[in-house]
Amino acid sequence: MHHTQPRHFTPGVGMAADRRERIAARRAFVGLKLAFLDALGELRGPEAQWLRAHVLGAEETVDLWLLRAPMFEALAAPEHRPQRQALRRALETVCPDTQPASAFAPL
């Protein structure tokens, strides 16, 4: 009869780390969602309403990621530069290295 050692199993090991990762991911998502809503703060009209509804309905980071182009388009006016910059920083925090480095990147 051949005896092998049982697989090492300790209940709960790894679960705490998984939970911390899920909480951190959720906090990052909520922070990004708030950054999107803050950027939309002063915008009015049907486009802003549409964006606001989609941001509020977002359930995952990818949902917000897919809204970035219409967000930047809605914030294209020169007076919205601070909102664009804040939104770009928030996106870079959650989705780093998503754009190639360039001195000519629009702000």
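Colleague: In which hand does H1 pass H2, left or right?

Modeller: This is a predicted model, so the answer holds for the prediction. The two elements are helix H1, residues 15–40, and helix H2, residues 46–57. Where H1 passes H2, the crossing is left-handed.

Colleague: Are H1 and H2 roughly parallel or roughly antiparallel?

Modeller: The axes of H1 and H2 come within 10 Å and cross at roughly 165°. Angles over 145 degrees count as roughly antiparallel. H1 and H2 are therefore roughly antiparallel.

Colleague: How many charged residues are in the contact of H1 with H2?

Modeller: H1 contributes Lys33, Phe36, Leu37 and Leu40 to the contact, and H2 contributes Leu51, Arg52, Val55 and Leu56. By class, 6 residues of this contact are nonpolar and none are polar. The number of charged residues is 2.

Colleague: How does H1 run relative to H5, roughly parallel or roughly antiparallel?

Modeller: Helix H5 covers residues 81–94. H1 and H5 pack with their axes 9 Å apart, at an angle of about 165°. With the limit at 145 degrees, that angle makes the pair roughly antiparallel.

Colleague: How many nonpolar residues are in the contact of H1 with H5?

Modeller: The crossing of H1 and H5 is left-handed. On the H1 side are Ala28, Leu32, Ala35, Phe36 and Ala39, which meet Gln83, Leu87, Ala90, Leu91 and Val94 of H5. The contact has no charged residues and 1 polar residue. The nonpolar count is 9.

Colleague: Is phenylalanine 29 buried or exposed?

Modeller: Phenylalanine 29 lies in helix H1. Its relative accessibility is 4%, and the cut-off for burial is under 20%. Phenylalanine 29 therefore counts as buried.

Colleague: How far apart are the C-alpha atoms of phenylalanine 29 and alanine 58?

Modeller: Leaving out residues up to four places away in sequence, phenylalanine 29 touches Ala58, Glu59, Glu60, Thr61 and Leu64. Alanine 58 is 29 residues away from phenylalanine 29 along the chain. The separation of their C-alpha atoms is 9.5 Å.

Colleague: Which pattern does the protein follow along the sequence?

Modeller: The protein has 5 helices and 0 strands. Read along the sequence, the pattern is α-α-α-α-α.

Colleague: What percentage of the residues of the protein count as buried?

Modeller: The accessible surface comes to about 8200 Å², and carbon and sulfur atoms account for 58% of that surface. Burial is counted over the 107 residues of the protein. The buried share is 24%.

Note on methods
Residues are numbered from 1 along each chain as its sequence is written. This is a predicted model: local features need pLDDT of at least 70, side-chain atom pairs count only at pLDDT 80 or more; totals for chains, interfaces and linings use all residues. Side-chain values use heavy atoms; hydrogens and water are left out. Helices (H or I, at least four residues) and strands (E, at least two) are DSSP runs, numbered from the N terminus. Buried means under 20% relative accessible area, exposed over 50%, partly exposed in between (1.4 Å probe, protein chains only). Accessible areas come from the Shrake-Rupley method with a 1.4 Å probe; for residues, only the protein chains shown count as cover. Axes are lines fitted to C-alpha atoms, for helices over the stretch in contact, and angles run from 0 to 180 degrees between N-to-C directions. Angles under 35 degrees count as roughly parallel, over 145 as roughly antiparallel, 65 to 115 as roughly perpendicular and the rest as oblique. A crossing is left-handed if the near helix is turned anticlockwise from the far one by less than a right angle, and right-handed if clockwise. Contact means heavy atoms within 4.5 Å. Ala, Val, Leu, Ile, Met, Phe, Trp, Tyr, Cys and Pro count as nonpolar, Asp, Glu, Lys and Arg as charged, and the others, Gly among them, as polar.
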